[in-house]
Amino acid sequence: MEAYIYNLVNLIAIYAILAVTLNFIMGYAGIYSLAHAVFFGLGAYVAAWVALHVHPSIFVTLAAAMASAAALSLLLALPALRVRGEYFVAASLGLQVLAVTVFSEWKSFTGGIGGVLAIPPADVFGVEVFKPQHFAIVSLIALIVVIGLINALVHSSFGRNLRAIRDSESAAASFGKNVPMIKTLSVVISAALAAVAGALYASYMSFINVESFTLDTSVLVMAMVIIGGTGTVAGPIVGAALLMLLPSAISWIDFLPQTEVGALQQIIYGLGMTLLMIFRPGGIVGRRAGV
Amino acid sequence: MTRTSPALGEPLMQIRKLDKSFGGVKAVQDVSLDLRAGIVTTLVGPNGAGKTTFFNLITGNLARDSGQVTWLGQDTAGLKPYRLARAGVGRTYQDLRLFDGMSVWENVLNATEHGAFPMPMSRAHRRGRRERMEHVLERTGLIDKRHTRAIDLAYAERKFLSMARIMATEARLWLLDEPASGLDPNSYERFLTILREDVAGGVTVCIIEHNLDIVVGISDRIAFLDRGKLLADGDPKTVLNDPELARIYFGDRA
């Protein structure tokens, strides 16, 4: 029971990191990316490879994961500089589809569909962290650091520049903003921090495969952001917790046959999201409609 | 705030033989104009005359087909709009383009911030900036609305926020695209006061305006554009009393 709860804590923390970093570009820069799972996956694969072949220290795996995601994110920044809104969504969707293919086919690095097995547990200052309750400390610290970093950025001139660009790119440029530079930086920061979630996920699960990094994950993370409240600090965390707890909450309803849980979950997701957008388009934490 | 050199009347921006076509339509043709320090130049002309296109060309928002624009003696060819903005060319937009999701204060604060990275700033510098911004908001009548989001402002307040943003910058040339259109008489007086004070403080202004009261009240010079061509450029009385221009402007043209 205890391990079960700590397992949830870890998964919520990891998905909250994804939601917070996606919200950074969605809510502040207006860049709607459906490719966030690409950086989650890349972070996980790189961390796994480094842990297996170089060193299992969490600081080494994290650094490698972040660096590779930052580099690959330039691929996403390229369309973000040229197109906005729905056009960028389409471009990011393309990157996501492409990445899933690479993840499934590049067998020497990702293990193909079979995935990567026996990833060493995280090594923190020489201590192997593999129990969920111990790993929860690591994942929560990571979440707090990521939230702190994003928060500091959002409330600085950088965050104001992002929001200015979201509201009017041309006006932002007229006030001296180097729009392409600021947008690129925001995408790089978001991707590098999403890779932190990937690295944690790889060492926590000790097994990863492409199933965790598909379009479904990107959509799920986007749903967390929207349901919690796009452009708010607490929203993505609330959204991540809610969507991760929902399946467990439903499985506690004991008169339900286990085979129906999946279908019921889908119905609750769908209904909840539709009703929320009608009555609270700003999300749970966001502004009410018409305010 | 002091804005020094070049001397009054010296050209800050020189525009030579500017050309721009959209498809087969010549939006701006062979326009040459000097924007001189401390002088208010008003661009008048019928709708579609190419006035806003002219602004977009000299700020680099649009690429020009041919012609030259120099700023403080430097050719601006290939210069990105944000570079020119940092060099001291400020502009407003006819459709305002406020940062709607941000408060009045954040809109003005952001106008003063250039760099991509947050820079450490001394306490004195910070205080100086805050006082400048408060002064700007008092002059534009927005000081009590400083925490209101731009999108929640009334029409005239939005126009003044657009002015407040440019007032907070260090820009020495203001390109204003119909800043006073639709203002009630009180707001309009406030606008004229702001403009006169800042021009006296050393700002150079080029303004697109339809209201002839404003044109007469504020202009040192009038440039008359029609169908992309500069038809006249001179002191207000001469230009406005030209019967041919009046006919084009008030339109009994077939």
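This is a predicted model: local features need pLDDT of at least 70, side-chain atom pairs count only at pLDDT 80 or more; totals for chains, interfaces and linings use all residues.
At what angle do helix H10 and helix H11 of chain A pack, and how far apart are their axes? Residues are numbered from 1 along each chain as its sequence is written, and chains are lettered from A and ligands numbered from 1 in the order in which they are written.

**View 1. Helices H10 and H11 of chain A.** Helix H10 (residues 215–228) of chain A packs against helix H11 (residues 235–251) of chain A at about 120°, and their axes are 7 Å apart. H10(A) is therefore oblique to H11(A). Axes are lines fitted to C-alpha atoms, for helices over the stretch in contact, with angles from 0 to 180 degrees between N-to-C directions; angles under 35 degrees count as roughly parallel, over 145 as roughly antiparallel, 65 to 115 as roughly perpendicular and the rest as oblique. Helices (H or I, at least four residues) and strands (E, at least two) are DSSP runs, numbered from the N terminus. Residues of H10(A) in the contact include Leu220(A), Met224(A) and Ile227(A), and those of H11(A) include Ile237(A), Leu242(A) and Leu243(A). Two residues are in contact if their C-beta atoms, placed from the backbone, lie within 7 Å. The contact of H10(A) with H11(A) has 11 nonpolar, 3 polar and no charged residues. Ala, Val, Leu, Ile, Met, Phe, Trp, Tyr, Cys and Pro count as nonpolar, Asp, Glu, Lys and Arg as charged, and the others, Gly among them, as polar.

**View 2. Helices H2 and H9 of chain A.** The axes of helix H2 (residues 36–53) and helix H9 (residues 179–205) of chain A come within 6 Å and cross at roughly 50°. H2(A) is therefore oblique to H9(A). Among the residues that meet are Phe39(A), Phe40(A) and Ala44(A) in H2(A), and Ala195(A), Gly198(A) and Tyr201(A) in H9(A). By class, this contact of H2(A) with H9(A) comprises 15 nonpolar, 5 polar and no charged residues.

**View 3. Contact between chains A and B.** Chain B gives 23 residues to the contact and chain A gives 21 residues. On the side of chain B that touches chain A, helix H2 (81–86) and helix H3 (104–111) of chain B are the elements that give two or more residues. That side of chain B has 11 nonpolar, 5 polar and 7 charged residues.

**View 4. Elements of chain A.** Chain A holds 12 helices and 2 strands. Its C-alpha trace spans about 55 × 50 × 35 Å along the principal axes.
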